[in-house]
Amino acid sequence: MACAAVVTPGLLRGSVGALCARATSRSLTPGARHLALTSIMKSKRKTDHLERTANAVRREVVSAAKVCAAAHESPSVKRLRLLVADKDFSFKAGQWVDFFIPGVSVVGGFSICSSPRLLEQERMIELAVKYTNHPPALWIHNQCALGSEVALRVGGEFFYDPQPEDAARNLVLIAGGVGINPLLSILRHAADLHAERASGGRGRELGTAQLFYSARTTSELLFQKSIIRLVNEFPEKITCSLHVTKQTTPISAELKPYVTEGRITEKELSEHISEETLFYICGPPPMTDFFSKQLESSHVPKEHIRFEKWW
């Protein structure tokens with residue numbers, strides 16, 4: 001799935017270069033935290049990505065990028081690997097990108113599902129995009145090909161970026177459907193930090209990470225092999241509970257130990273509540289609303305509950 005991490009000058013020329021220039025010239029207004037976007041979230045009119053995230057902080061770097069791998073993660077979700085041209089481009093686990101496509105006037109917004117380590121080592125990021133009628137998603141599913149050129153800009157205040165001076169925190173990650181994307185980035189980042197510390201006793205002290213992930217069927221549980229591999233690599237640090245709500249076929253033997261039929265329950269989450277735990281939630285708005293309110297009613301401090309809503 002990988003391609004050579006060589007940034008070619010051609011990536012910065014032509015339509016993508018012009019697109020980068022136009023994007024950079026836009027006003028980049030650092031705004032309130034994601035939780036403050038109440039008025040936008042309550043709007044019943046279908047808004048686009050730039051409207052919904054108008055107050056979100058964005059990085060100034062707009063980089064050309066080239067599609068170097070593509071595959072279907074599920075029947076309705078396509079995964080892309082992109083080679084990023086600008087060496088100043090960086091992101092924190094959990095953030096998203098503005099996705100600029102030459103010839104498409106609508107700007108996409110997609111969470112990065114790879115770890116920052118992949119970018120550091122190979123200049124690559126990964127996205128997983130569900131098929132919809134939204135123009136950027138349609139382009140990705142119907143027109144995007146190996147070698148296609150786009151432009152990217154990082155934004156968002158939903159991220160996990162522990163510093164060496166921070167106290168060790170446990171993580172509880174709650175995902176619904178394609179909401180797994182930013183949480184997988186966070187989980188992979190936590191695994192990279194655990195590996196760094198285990199390799200020579202270096203790195204920051206970390207707590208545990210528990211992933212709760214719900215989808216309708218096992219075929220819609222994205223990245224299931226990657227998730228289980230991380231659990232097996234770090235059995236004392238990373239665990240997962242995969243939930244399916246509308247499964248009608250037998251669950252495969254390799255998945256069965258990790259899968260529960262039915263929704264994520266309040267009782268499951270209550271077992272992980274502590275002063276050292278941070279909760280990250282990403283999924284459909286009703287799901288994020290439900291779990292954030294549930295955790296607040298269980299006396300989890302608001303500053304320990306972080307969520308991202310995708311439409």
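**Close-up views of a predicted model**

**View 1. Contacts of Tyr-213.** Beyond its neighbours within four places in sequence, Tyr-213 is in contact (heavy atoms within 4.5 Å) with Ala-175, Gly-176, Gly-177, Ile-180, Glu-220, Leu-221, Leu-222, Ile-227, Ser-241, Leu-242, His-243 and Ile-264. The model is predicted: local features need pLDDT of at least 70, side-chain atom pairs count only at pLDDT 80 or more, and totals for chains, interfaces and linings use all residues. Residues are numbered from 1 along each chain as its sequence is written, and side-chain values use heavy atoms, with hydrogens and water left out.

**View 2. The largest nonpolar core.** A nonpolar core is a set of buried Ala, Val, Leu, Ile, Met, Phe, Trp, Tyr and Cys residues joined through side-chain atoms within 4.5 Å. Buried means under 20% relative accessible area (1.4 Å probe, protein chains only). This core has 41 residues, and those touching the most other members are Leu-171, Ile-180, Ile-186, Tyr-213 and Tyr-280. Helix H6 (180-200) gives the most, with eight residues. Helices (H or I, at least four residues) and strands (E, at least two) are DSSP runs, numbered from the N terminus.

View 3. E7 pairs in the parallel sense with E11 over six bridges, and Asn-170 stands opposite Thr-277 in E11. E7 and E8 also pair in the parallel sense over six bridges; there Ser-214 in E8 is the bridge partner of Gly-176. Two strands pair if DSSP finds at least two bridges between them.

**View 4. The largest pocket.** A pocket is an open set of points on a 1 Å grid over the protein atoms alone, where a 1.4 Å probe fits, with protein on both sides within 12 Å along at least five of seven lines; lining residues have an atom within 4 Å of a point. The space in this pocket is about 1,200 Å³, a volume being the space filled by probe spheres set on the points, which are joined across faces, edges and corners. Among its 43 lining residues, Lys-130, Gly-176, Val-178, Gly-179 and Pro-284 are the closest to the centre. H9 gives the most to the lining, with five residues.

**View 5. The second largest pocket.** This pocket holds about 470 Å³ of space. Of its 22 lining residues, Arg-81, Arg-188, Ser-226, Arg-229 and Leu-230 are the closest to the centre. H7 gives the most to this lining, with six residues.

Conventions
Buried < 20%, exposed > 50% of the residue type's maximum accessible area, 1.4 Å probe, protein only.
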